[in-house]
Amino acid sequence: MSQDVTIYITDRNGQRHEVQAPTDMNMNVMEVIRSYELAEEGTIGICGGMAMCASCQCYILNDVVSLERNPEEEAMLWEAYHVKDNSRLGCQIPITEDLEGLELEIAPEQ
Amino acid sequence: MIETDILIIGAGPTGLFAVFEAGLLKLKCHIIDGLPQPGGQLTELYPKKPIFDIPGFPSVLAGDLVNNLMEQIKQFQPGFTLGEVAEKIQKLDDGTFIVTTNKGTEHKAKAVAIAGGLGSFEPRKPILKDLEFYELEDRGVEYFVKDPEKYRGKRVVISGGGDSALDWSIFLSNVASEVTLVHRRNEFRGALDSVEKVQELKHAGKIRLITPGEVIGFKGSERIESVDIEVNGARMNVETDYFIPLFGLTPKLGPIAHWGLEIEKNAIVVNNALDYQTNIEGIYAIGDVNTYPGKLKLILCGFHEATLMCQSVYNKLNPGKKYVLKYTTVSGVDGFDGSRKEAEKAVVKAIE
């Protein structure tokens, strides 16, 4: 069994949650948020994780994950609202063991 | 007034397949969809992306799946009201329904199947002063290119950096007198052939490209006369007849949220896996738009739900009538257009 990682997620109401995310189920940050229902269904992961809607935009609050965006993610964020330097799309961050202790905040609805 | 047996709201894969299953039971369907073309998310969001979990298709492009479904239901002659959003529903005393769209088109049906997916797609709008004024009837701001002929000989400014901005710029470059494409970045995100085509048209002088740029305002007293564009901190003014911002679409449950249906987590609650009827008799919800314990938002589950819904409507409309499930291989498919598809008969012949 691979280890779960602990991730700290602040929801859109400002509440901070500590959640356990499995590293062996090919999940990403957007899916973890959905599986814990930390954002209302229908307001996150709308495109299913294709980096095509920015509904899973997150602000990365510590240096556990790189702020470097992949090209599709970057292009989507050019057109999104509320984008900051530390914005990433949750669907483009796979859950790996390196993510232990990641702290992030879900961006407002688009 | 358009009359039908089952009125389907949503022309995505689930709604389209429902036409087939209804047709086998001799029920006619009509489909309403807010987008100008059938296919829902599949054509609007990811037509060129593959899907790997459609049974029997190791891989199928979303756009091809929609084309196949359209071909599959053709003989059942579904009606379409496209580019209009189902807005109001009225249940009559005889149990039938009247559904009216935002454009006032009325549909009368014996049953309603909401196959609305994530909801109706609404355009993401730029944040601009006076946008509401210029959005009104033919004042120059449009979010969809519904009728390209409208732009013949006109000047058009398109804004956006994705496939639809690229594709419409390419298309309108042959229709409009002038096409200007404005995007916040030099880089575009789209299919490679679209990006290359725009590059070509730019060099040929058929598309004027303004990057990195952003439309920041309008001029025009009655309707749009020009747009102000910020380019690298400087400002320029471009005369135009139309401004078409194409910043993508976001789905919203929309008017169906106010039809008195039980809603949970932005989805319509149905009677768990029996026939997907909602709390209002005669209104069904199938595909991604519904929820019940164990719900999975998969196209293949939508197909199953559509099938059960059709059986339920049949039983409701023909109470007590004997019916047994038919296999298409055995019974063939009789279209409403008079066509018949059937398996080739085996021969009974001695081999000597």
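Two residues are in contact if their C-beta atoms, placed from the backbone, lie within 7 Å. The model is predicted; local features need pLDDT of at least 70, side-chain atom pairs count only at pLDDT 80 or more, and totals for chains, interfaces and linings use all residues. Residues are numbered from 1 along each chain as its sequence is written, with chains lettered from A and ligands numbered from 1 in the order in which they are written.

**Exercise 1.** Decide whether B:Asp288 and B:Thr329 are buried or exposed.

Solution. 
1. A residue is buried if 20 or more other C-beta atoms lie within 10 Å of its own, exposed if 12 or fewer, and partly exposed in between.
2. B:Asp288 has 28 C-beta neighbours inside 10 Å, so B:Asp288 is buried.
3. Leaving out residues up to four places away in sequence, B:Asp288 touches B:Gly117, B:Leu118, B:Lys297 and B:Gly302.
4. B:Thr329 has 9 other C-beta atoms within 10 Å and is therefore exposed.

**Exercise 2.** Check the span of helix H1 (residues 13-24) of chain B, and state how many of its residues are buried.

Solution. 
1. Helices (H or I, at least four residues) are DSSP runs, numbered from the N terminus.
2. The expected span is 1.5 Å times one less than the number of residues.
3. Eleven of the twelve residues are buried, among them B:Pro13, B:Phe17 and B:Glu21.
4. The covering elements include helix H3 (62-73) and helix H7 (299-317) of chain B.
5. After H1(B) comes B:Lys26, with a positive phi near 65 degrees.

Methods
Helices (H or I, at least four residues) and strands (E, at least two) are DSSP runs, numbered from the N terminus.
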